[in-house]
Amino acid sequence: MSAASSRSSSRRAAAPRLTHIDPEGRPTMVDVSAKAVTARSATARCAVRFPAAVAEQLRASGLRSAKGGIVDTAIIAGTMAVKRTHELIPFCHPLPIDGARLTIDWDGERVLLIECTVRTTHRTGVEMEALTGATVAALTVYDMCKALSHAIVIGPAKLVAKRGGKRDVGAAA
């Protein structure tokens, strides 16, 4: 092998690896103590799809159900979930949450789109907190509407942006 190809192969990025598995293959929490404290943010989205008749009924009611205001309740539930992510996901670090914002609005005739943006200043990011907030808000919408139909579909849930740490992803969060 030539010196040039040796240098080239040594510059290649290491293959991605699972971060919550130690060298012996056992589950582990990532040690973030050596990482720099930086501002970090993440945004996740989750959709809730309704049958046409249910969507029509929800629009007519102003997104209110027998249980109360659907959007307000989902925002509260999503915010609570953001703050408790470390209690739900085994290897998530407890983080000081600097801000969490959930928005919920119609995306077309039959889909409610939930977006959750979370911010912290810490050694690790808030992707899991944003995903947890968006999905718990979606589950809350389902819970509040299930009396109308069990054909409501949740998802997809996805990370759409993150800032801070080793790499940025997606549009600015």
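**Figure 1. Packing of helix α2 in the predicted model.** The buried residues of α2 pack against α3, β4 and α5. These buried positions are V54, A55 and L58. They cover an arc of only 100° around the axis and therefore lie on the same side of α2. The other side of the helix carries the exposed residues A53, E56 and A60. Q57 also belongs to helix α2; with a relative accessibility of 44%, Q57 counts as partly exposed. The C-alpha atom of Q57 is separated by 39 Å from that of P96, and the two residues are 39 places apart along the chain.

**Figure 2. Backbone after helix α2.** Just after α2, G62 adopts a positive phi of about 70°. L63 also has a positive phi, of about 60°, although L63 is not a glycine. The loop that holds L63 runs between α2 and β2 (64–65). Is L63 buried or exposed? L63 is buried, since its relative accessible area is 13%.

Figure 3. The buried residues of α3 are I70, V71, A74, A77, G78, A81 and V82. Seen down the axis of α3, these buried residues fall within an arc of 140°, so they line one face of the helix. D72, I76 and K83, on the other side of α3, are exposed.

**Figure 4. The largest nonpolar core.** This core holds 30 residues, of which V48, F50, L58, L112, I114 and V141 touch the most other members. Two or more residues each are given to the core by β1 (38–49), α2 (52–60), α3, β4 (99–106), β5 (111–122) and α5 (127–145). Which element supplies the largest share of the core? The largest share is that of α5, with seven residues.

**Figure 5. Surroundings of V48.** V48 is among the core residues that touch the most other members. When neighbours within four places in sequence are left aside, the contacts of V48 are R110, V111, L112, I114, A138, V141, I152 and V153. Of these partners, L112, I114 and V141 are themselves listed among the core residues that touch the most other members.

Figure 6. A disulfide is a covalent bond between the sulfur atoms of two cysteines. The structure holds zero disulfides. C92 takes part in none, and the nearest cysteine sulfur, that of C116, is 13 Å away. For C116, the closest cysteine sulfur is in C46, at 11 Å, which is too far for a bond. C92 counts as buried because its relative accessibility is 12%. C116 likewise counts as buried, at 0% relative accessibility.

Figure 7. L131 lies in helix α5 and counts as partly exposed, because its relative accessibility is 22%. Residues L131 and A44 are 87 places apart along the chain, yet their C-alpha atoms are separated by 5.2 Å. Residues up to four places away in sequence not counted, L131 touches A44, A157, K158 and L159.

**Figure 8. D98 and its partners.** The loop between α4 (85–88) and β4 contains D98. Beyond its neighbours within four places in sequence, D98 is in contact with R119, T120 and T121. A distance of 12 Å separates the C-alpha atoms of D98 and A42, which are 56 residues apart along the chain.

Figure 9. The peptide bond that joins G155 and P156 is cis, with omega about 5°. P156 has its place in strand β6 (residues 153–163).

**Figure 10. Confidence of the prediction.** The protein has a mean pLDDT of 90, and 91% of its residues reach 70 or more. Over residues 5–10, by contrast, the pLDDT is below 50, and this stretch has one contact in the model beyond near neighbours in sequence. Where pLDDT is low, the predicted coordinates should not be read in detail.

How values were computed: Residues are numbered from 1 along each chain as its sequence is written. This is a predicted model: local features need pLDDT of at least 70, side-chain atom pairs count only at pLDDT 80 or more; totals for chains, interfaces and linings use all residues. Side-chain values use heavy atoms; hydrogens and water are left out. pLDDT is the predictor's confidence in each residue, from 0 to 100. Contact means heavy atoms within 4.5 Å. Buried means under 20% relative accessible area, exposed over 50%, partly exposed in between (1.4 Å probe, protein chains only). Helices (H or I, at least four residues) and strands (E, at least two) are DSSP runs, numbered from the N terminus. The arc is that of the directions from the helix axis to the C-beta atoms. A disulfide is a pair of cysteine sulfur atoms within 2.5 Å. A nonpolar core is a set of buried Ala, Val, Leu, Ile, Met, Phe, Trp, Tyr and Cys residues joined through side-chain atoms within 4.5 Å.
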